[in-house]
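Please keep the sequence and the structure in view while reading.

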Amino acid sequence: MNTRRLSIVALVLVLLLPAIACAGKDSLSDAMNRQLQVNGQRYGMAGQAVLVTHNGKEVFRGVDGYANLQAKEKITARTIFPVYSLSKLFVSTLVMQLVEQGAVDLDKPASLYLQGLPESWRGITVRQFLNHTSGVPDYFSDNEQPTAFPASMQDVFASLGPKPMLFAPGTRARYTQTNYLVLSALLEAHYGQPYPQIAGERIIRKLGLKHTWLGRPSLPASGVALGYLGKNGKPQRETEIAWPAYSYGHAELYLTLDDLARFLQALSSGELVSKASLQQFWQPQNLSDGRRGDFSTGWEYGESGAYRHAGHDGGARVRVRVVYKDSLDDDTYVFIYLSNGSAKNVWSRTLIGSAMATVAPEKFPAEVLSEKLMAYALAPSTGPEAGKKIRAGTPLQGEALERTINNTGYAALEFLSADAAIRVLALNTEFFPASANAWDSLADGYKAKGEQAKAQQLYDKARQLQADQQQGQAKP
């Protein structure tokens, strides 16, 4: 067998046998390093850096790939990463401090603490700005990379004042950067200082973060990871945005893996905000119609099995999570997954889920299943027995099983291929043949593949199942 064939066989084996299958046999470090290699090959990662702690103790730190693909400059533990919207975590932490001190009430209008907001914004609460349920429009187009900005934050507010609200505050969620301009302005009004000075004094210098910067102009000349976007199946250099200084509360945070770990460990251990307060801040938040929102006091809120997690992503390529069971004193993990892009624009939630699955597979069954499904999606055809083994190998049942397969299928559709997604989504139609949603999702896969007739047939089947269910529910 020649070297090329050996390489192909090795790659197939890696895709079929992800690191989580070996976590019990090898050390955690071996399993995690193997998972980084799997992710690197599967998604075409440029570079990646991961750090995991458990109950305050570091259990893994690893890096893989390149900070600069053209120069072949490798990622190291000291590489400085742009972390994009993780910048918002500094702002939300500073606001939580003011709430804990009694200086700010989350459910009072932000206009009580800040002058100069547009008239239509003056009833919007601090909590609604934090959780992206304010309804205020963004200050640049969602469809274009911003190239020009108003001269000041007040100019931003003045330009947005005449524009209609996106929705009534509290009724929906829409992630906009404008929310964190308002919160940055609130902090500046309270402290009488520019935001970078506030964050520098109360977080960066307080925690001794020696390798953390706000704003590209302040960065050192070397050691910064370049950003990449996948185009035509290859990672290509991303055009950098020249963000104005007033945007630093929602963008332009740069730091190393260790500094980010220090911040998250300090926060989760009660150094910046008490644990009791954090657990109140990190509760599910509902919209006015009872639907759950995505954010809890500025942090993405989620659940995995018996665990809760609070975190955030940045540019869809970096993500952090504080994961805990019943309280921050009970079985707490911190996961940090940094990347500088990939050929396939893989979601950061998929990457961090793979780390959770590898570190504690017995605790995070949904992440384990998702990782197995990604391998299944890319594996050569193995017949119906493979699907049966997947179902037999997970403790998830019912809605949890269907939801995890559905979510993974759409992830595969986004950054793998329509064929990979169809392979995953078809499992739900096998496991849950009476589910209208399962057939509708599979139809989306065929539509993305361009098989319109097949897609329409499946959409019709989904609609008929839904109609039958509604008719059955209507009978006395």
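Two strands count as paired if DSSP finds at least two bridges between them. The model discussed here is predicted.

**Confidence**

The chain has a mean pLDDT of 92, and 92% of its residues reach 70 or more. Over residues 1-25, however, pLDDT stays under 50, and the model has 29 contacts beyond four places in sequence for that stretch. Where pLDDT is low, the predicted coordinates should not be read in detail.

**The eight-stranded sheet**

Eight strands form an open sheet in the order E3-E2-E1-E13-E12-E11-E10-E9, with antiparallel pairing. Strand E3 (73-74) and strand E9 (295-296) stand at the edges with a single partner strand each, so one side of each is left without a neighbour in the sheet. Within this sheet, strands E12 and E13 run antiparallel and are joined by six bridges. Tyr 324 has Thr 332 of E13 as its bridge partner. Helix H2 (residues 28-43) lies across strand E1 (47-54), strand E2 (57-68) and E13, and runs at about 30 degrees to E2.

**The three-stranded sheet**

A further open sheet has three strands in the order E4-E8-E5, again with antiparallel pairing. Its edges are strand E4 (81-82) and strand E5 (212-214); each has a single partner strand, so one side of each is left without a neighbour in the sheet. Three bridges join E5 to strand E8, and the bridge partner of Thr 212 in E8 is Leu 255.

| Strand pair | Residues | Bridges | Direction |
|---|---|---|---|
| E12 and E13 | 318-324 and 332-339 | six bridges | antiparallel |
| E5 and E8 | 212-214 and 253-255 | three bridges | antiparallel |

**Helices**

Helix H6 (residues 178-191) packs against helix H7 (residues 195-204) at an angle of about 75 degrees, and their axes are 9 Å apart. That angle makes H6 roughly perpendicular to H7. On the H6 side the contact is made by Leu 187, Glu 188 and Tyr 191; on the H7 side it is made by Tyr 195, Ile 198 and Arg 202.

Helix H15 (residues 436-449) has 14 residues. From its first C-alpha to its last, H15 reaches 20 Å, close to the 20 Å expected at 1.5 Å a residue. Which residues of H15 are buried? They are Ala 436, Ala 438, Trp 439, Ser 441, Leu 442, Ala 443, Gly 445 and Tyr 446. Just after H15, Gly 450 takes a positive phi of about 95 degrees.

Key. Residues numbered from 1 in each chain as written. Predicted model: local features only at pLDDT ≥ 70, side-chain atom pairs only at ≥ 80, totals over all residues. Heavy atoms only, no water. Helix = DSSP H or I, 4+ residues; strand = E, 2+ residues; numbered from the N terminus. Contact = heavy atoms within 4.5 Å. Axes fitted to C-alpha atoms, helices over the stretch in contact; angles between N-to-C directions. pLDDT = per-residue confidence, 0-100. Expected span 1.5 Å × (residues − 1). Buried < 20%, exposed > 50% of the residue type's maximum accessible area, 1.4 Å probe, protein only. Parallel < 35°, antiparallel > 145°, perpendicular 65-115°, else oblique.
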